[in-house]
Amino acid sequence: MASPGQDLGPLLDKDGVRLTVDDAIATVTLTNPAKRNAQSPALWRALAEAGQLLPGTVRVVVLRGEGKSFSAGLDRQMFTPEGIEGEPSFIELARSGDAELDAAIAGFQEGFTWWRRSDIVSIAAVQGHAIGAGFQLALACDLRVVADDVQFAMRETSLGLVPDLTGTHPLMGLVGYARALEICATGRSVLAEEAVSTGLANLAVPADQLDDAVRDLAGALLAAPRDAVIETKALLRGAQDRTYDEQRGAERAAQTRRLRDLAGIGE
């Protein structure tokens, strides 16, 4: 996909991440196709910075990866004794104290947490491999549009690890406990048809139509008034933690705010 607003120049372009903005649409692109957009701590820091740099005009954020794969997961060099230059290897991290290790993982997660902010709707455009950290990055977004060649897989368990980049919560919410456990514990691939039928993906299209499908979805999201989308997103996000009656009350409160706002009546 041609990044919206690229002619305006990127707001961020480093460590395998580029952020461009065109008025209400921002595009975050993973820019290392030669390594299938493999992920590293530097990339995670750049993703977190991209979230911090979003202008207030942005309503929709598109996440995409250059090349044939969205992201093939962790850079395997992180598992070697020498690790990635300038970064602690996993072996070094494992030798640190509990508090230090917890803080390091929390820092890694920051690149995955802002995609569900109430003031934006995020769309992952996913083609080819979305493995491990790549799968979790796609899961970090509100919506997923996939190419028909997509291959989701949670391979952490095969490496003796667990998914720790915020992917388990949205995965459970989308497919339920039994299927989430099976996907994570086996590390098997989830292809496009299953992704759509289980709710992992909103839509699957031929690879050459992925850009247009995401563009159409972004346009449809922008057609609704911003405040109504924000309130609706908050209602839906909070529903899983509320009882039926509590959700009814939340709906009434939200609608009261919307009606008063539309009528120009303050709280």
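Q: What volume does the largest cavity have?
A: It comes to about 70 Å³. The general idea is that rolling a probe the size of a water molecule over the atoms shows where empty space is left. A cavity is a set of points on a 1 Å grid over the protein atoms alone where a 1.4 Å probe fits but cannot get out. A volume is the space filled by probe spheres set on the points, with points joined across faces, edges and corners. Keep in mind that this is a predicted model: local features need pLDDT of at least 70, side-chain atom pairs count only at pLDDT 80 or more, and totals for chains, interfaces and linings use all residues. Residues are numbered from 1 along each chain as its sequence is written, and side-chain values use heavy atoms, with hydrogens and water left out.

Q: Which residues line the largest cavity?
A: Lining residues have an atom within 4 Å of a point. Here they are Arg59, Val60, Ser118, Asp119, Ile120, Val121, Leu221, Arg226, Val229 and Ile230. Helix α9 gives the most, three residues; helices (H or I, at least four residues) and strands (E, at least two) are DSSP runs numbered from the N terminus. By class, the lining of the cavity has six nonpolar, one polar and three charged residues. Ala, Val, Leu, Ile, Met, Phe, Trp, Tyr, Cys and Pro count as nonpolar, Asp, Glu, Lys and Arg as charged, and the others, Gly among them, as polar.

Q: And pockets: how much space lies in the largest pocket?
A: A pocket is an open set of points with protein on both sides within 12 Å along at least five of seven lines. The largest pocket holds about 440 Å³. It is lined by 16 residues, and Arg116, Asp142, Lys233, Leu236 and Arg237 are the closest to its centre. Again α9 (226–239) turns up, with the largest share of this lining at five residues. The lining of this pocket is made of seven nonpolar, four polar and five charged residues.

Q: Which residues lie nearest the centre of the second largest pocket?
A: Look for Phe90, Ile105, Phe108, Leu161 and Asp164, which belong to a lining of 15 residues. Helices α2 (90–94) and α3 (98–113) each give two or more residues to this lining. The volume of the second largest pocket is about 320 Å³, and its lining has twelve nonpolar, one polar and two charged residues.

Q: Let's turn to helices. Which residues of α10 are buried?
A: Buried means under 20% relative accessible area, exposed over 50% and partly exposed in between (1.4 Å probe, protein chains only). In α10, Gln247, Ala250, Ala254 and Arg258 are buried. They sit on the same side of α10 because they cover an arc of only 70° around the axis, taken from the directions from the helix axis to the C-beta atoms. Asp245, Arg252 and Leu259 are exposed, on the face turned away from that buried side. The buried residues of α10 pack against α9.

Q: Where do I see this kind of pattern in α6?
A: Helix α6 (residues 177–186) has Ala180, Ile183 and Cys184 buried. Their arc is only 90° around the axis, so they share one side of α6. Ala178 and Thr186 are exposed on the face turned away from it. After α6 comes glycine 187, with a positive phi near 70°.

Note on methods:
Contact = heavy atoms within 4.5 Å.
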